[in-house]
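Biologist: Thanks for sitting down with me. Could we walk through this model together, one question at a time?

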Amino acid sequence: MRIETTRHLQCTVIKAGGELDHGGRVRFSAHINAVWDWSAGPVLVFDLADLIFYDSSVIGVLAMALQRMQDSDDGRIIVVRPSGHLLTVLRLTDLISHVELRDSVDETVAELMLRAGPTADPRLCAGGRGLTCRTPRAGAATPR
């Protein structure tokens, strides 16, 4: 199983590929816990389109994140490009009513940045991709 994480100012994108089984679930859950505080809320964007196999472990991972968000009364889970099978599983388990579905990671990140307003200055994020972004200090000039 491969796990790639990209930290953005408004969200954390977690991309998983390969096979997600019981052993992968433990590793994936630990990874989510390790990056939990990377964004306010947090807002976790899951790109699971590259999973070639998954069992009920995918539900366990999403349910763990959802439970943690409900316990803290904050956060969002966004699932990008879910397969038809994953959509069916999300519907059958009623997780679909607790997650947001999107078609594109880039569009989702851009939408979150726009909604954040002027304090999220994308010029402070080298290209806005994959780096820790920061808001300008009060009174600081923004780069041109």
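Biologist: Which handedness does the β-α-β unit of strand 2, helix 1 and strand 3 have?

Modeller: A word on the basis: this is a predicted model, in which local features need pLDDT of at least 70, side-chain atom pairs count only at pLDDT 80 or more, and totals for chains, interfaces and linings use all residues. Residues are numbered from 1 along each chain as its sequence is written, and side-chain values use heavy atoms, with hydrogens and water left out. Helices (H or I, at least four residues) and strands (E, at least two) are DSSP runs numbered from the N terminus, and a crossover is right-handed if, with the strands pointing away from the viewer, the path from the first strand over the helix to the second runs clockwise. By that test the unit made by strand 2, helix 1 and strand 3 is right-handed.

Biologist: And what is the handedness of the crossover from strand 3 through helix 2 to strand 4?

Modeller: Strands 3 and 4 run parallel and are joined by five bridges; two strands pair if DSSP finds at least two bridges between them. Within that pairing, phenylalanine 46 stands opposite valine 79 of strand 4. The chain passes between the two strands by way of helix 2, and this β-α-β crossover is right-handed.

Biologist: In what order do the elements run from the N terminus?

Modeller: The chain has four helices and five strands. Strands 1 and 2 are joined by a hairpin through four residues. From the N terminus on, the order is β-β-α-β-α-β-α-β-α.

Biologist: How many of the residues of strand 2 are buried?

Modeller: Buried means under 20% relative accessible area, exposed over 50%, and partly exposed in between (1.4 Å probe, protein chains only). Of the 144 residues of the chain, 40% count as buried. Strand 2 is mostly covered, and the buried count among its nine residues is seven.

Biologist: Is aspartate 47 buried or exposed?

Modeller: Aspartate 47 lies in strand 3. Leaving out residues up to four places away in sequence, aspartate 47 touches Ile14, Lys15, Ala16, Val80, Arg81 and Val105, where contact means heavy atoms within 4.5 Å. Because its relative accessibility is 5%, aspartate 47 counts as buried.

Biologist: Which elements do the buried residues of helix 2 pack against?

Modeller: Those buried residues are Ser57, Val58, Ile59, Val61, Leu62, Ala65, Leu66 and Met69. Among the contacts of isoleucine 77 are Leu62, Ala65, Leu66 and Met69. The buried residues of helix 2 pack against strand 2 (12-20), helix 1 (22-35), strand 3 (43-54), strand 4 (76-80) and helix 3 (84-92).

Biologist: What is the angle between the planes of phenylalanine 28 and phenylalanine 46?

Modeller: Phenylalanine 28 is buried at a relative accessible area of 1%, and phenylalanine 46 is buried at 0%. Rings of Phe, Tyr and Trp (its six-membered ring) pair if their centres lie within 6.5 Å; planes under 30 degrees apart count as stacked, over 60 as edge-to-face and the rest as tilted. The structure holds one aromatic pair. Phenylalanine 28 and phenylalanine 46 form an edge-to-face pair, 6.1 Å centre to centre, with an angle between the planes of 90°.
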